[in-house]
Amino acid sequence: MTIAFVDGPVITGDGRILEHATVLVENDKIVKVAEGDLSIPPNAEKIPIDGMTLLPGFIDSHIHICLDGSPDPVSTLLAESPTATTLKAAAAARQTLMAGVTTVRDMGGYNGIDLGLKQAINTGLIPGPRMLVSGRLICMTGGHGWQIGQEANGPDEVRQAARNQIKVGADIVKLMATGGVMTAGVQPGSEQFTEAEMRAGVQEAHKAGKKTATHAMGTQGILNALRAGIDSIEHGVYLNEEAVAIMVECKIPFIPTISACYHIETKGVAAGIPDYAVEKTLMVKPHHLESIRMAREAGVLIAAGTDAGTPFNLHGENLSEIKLLVDYGGFSPMAAIEAGTRVSAHVLGLDNELGTIEEGKQADLIMVSGNPLENIDILLERESIRLVLQGGKLASGDL
Ligand SMILES: [Zn+2]
């Protein structure tokens, strides 16, 4: 099938807007992008972009498809049947795709549901974003996320845990460097895995050609992870100059997940969120914003990830992070869109295939009403997402 998007403003994902561009799609690939008119094959389905904007499908670099965004989602998950979790996760995957998010990276699944869902999407059984998944996160005994993670202590056990997750099909190994907000009794700033434990997990993943990611809030944990060779820093609440310098030099991306804190802070205890989570969020917020500012000004690669599935951080509302990068992160709308497209593709190691509207890339494209550079809020309105094309296949909207 050949589709020609014509006459449009096209935000390419790498910081450019082409005002009157034509984008030609053949089967699953973008085959031509040109400013102005282009000779269009007679068999092409012609779609005027007029009044709308064409963008790359968004990539959410940090979600939890098994968490449902309820006020205490880990407790919800542990109390329900695997069938309930699976059905809810399938619905969440569909909502995510309909919102214009064509790819996600899941940063901590449960019961193999993330792995199974990925397969079901890949085989066309259910609609959903392309998924890269971590399987179960790996943490120290009693460490952040232990309720859903695999506990491991000492380099040998961390090595084995990484091997276990890779064996069952994980695309990424997720290692917990510090405490966090959503686990009772752990402090966000405290160090958890040692540098030696982190290094064992990272080496094992790299041997298998897999990337690694770390939940890292406190400074020492962030430094342990960076010195151990981690591939991305999630949350990064207490970055310091040394950490930022390593991230710039080694091009280690930072995924601040502002959405997670934003929803916990704005909904609060009154909405049923555990009080320890709200307290810790309020405590870390000023440091988090300062870390984002430092990283942005220093030129760290910053990608958009929501931590969707955490309280009130709903699947299908993933593009909230793009707006929060503008409102809280000091990003221009163009830079925030780039964080959710080109930079996120880099985080996933898929920048040769996804993230920008360029010849040879996968035809993951969305068309939105109006111009998000003038009004970023339109990305959050479901009715504004007029068309979602994933690998050249229509996922939502009309051709
Ligand atoms: Zn997370």
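Residues are numbered from 1 along each chain as its sequence is written. Because the model is predicted, local features need pLDDT of at least 70 and side-chain atom pairs count only at pLDDT 80 or more, whereas totals for chains, interfaces and linings use all residues.

Helices (H or I, at least four residues) and strands (E, at least two) are taken as DSSP runs and numbered from the N terminus, and two strands are said to pair if DSSP finds at least two bridges between them. On this basis, strand β1 (residues 2-11) is paired with strand β2 (residues 17-26) in the antiparallel sense, over 7 bridges. Within this pair, T2 has E26 of β2 as its bridge partner, and F5 is likewise bridged to V23 of β2. The two strands form a hairpin with 5 residues between them, and G13 in the turn has a positive phi of about 100°. Strand β2 also runs antiparallel to strand β3 (residues 29-35), to which 6 bridges join it; here A21 stands opposite E35 in β3. A hairpin is again formed, β2 and β3 having 2 residues between them, and N27 in the turn has a positive phi of about 55°. Strand β1 additionally pairs with strand β4 (residues 45-48), in the parallel sense and over 4 bridges, with V6 standing opposite P48 in β4.

An open sheet of 3 strands, with parallel pairing, has the order β6-β7-β8. Its edge strands, each pairing on one side only, are β6 (58-63) and β8 (130-133), and the twist averages 15° from one strand to the next. Strand β6 is joined to strand β7 (residues 101-106) by 4 bridges, the two running parallel, and I59 has T103 of β7 as its bridge partner. Helix α3 packs on this sheet, where it touches β7 and β8, and its direction makes about 155° with that of β8; such angles run from 0 to 180 degrees between N-to-C directions, the axes being lines fitted to C-alpha atoms, for helices over the stretch in contact.

Helix α3 (residues 113-122) also packs against helix α2 (residues 82-98), at an angle of about 45° and with the axes 10 Å apart. The helices α2 and α3 are therefore oblique to each other, given that angles under 35 degrees count as roughly parallel, over 145 as roughly antiparallel, 65 to 115 as roughly perpendicular and the rest as oblique. The contact (C-beta atoms, placed from the backbone, within 7 Å) involves P82, T85, T86, A89, A90 and A93 of α2 together with I113, L117 and I121 of α3. By class, it has 7 nonpolar, 2 polar and no charged residues, where Ala, Val, Leu, Ile, Met, Phe, Trp, Tyr, Cys and Pro count as nonpolar, Asp, Glu, Lys and Arg as charged, and the others, Gly among them, as polar.

Helix α7 (residues 241-249) and helix α9 (residues 275-298) pack at an angle of about 40°, their axes lying 10 Å apart, which makes α7 oblique to α9. The crossing of α7 and α9 is right-handed, and the contact is made by V244, M247 and V248 of α7 and by M294, A295 and A298 of α9. The residues of this contact divide into 6 nonpolar, no polar and no charged.

How values were computed. Two residues are in contact if their C-beta atoms, placed from the backbone, lie within 7 Å. A crossing is left-handed if the near helix is turned anticlockwise from the far one by less than a right angle, and right-handed if clockwise.
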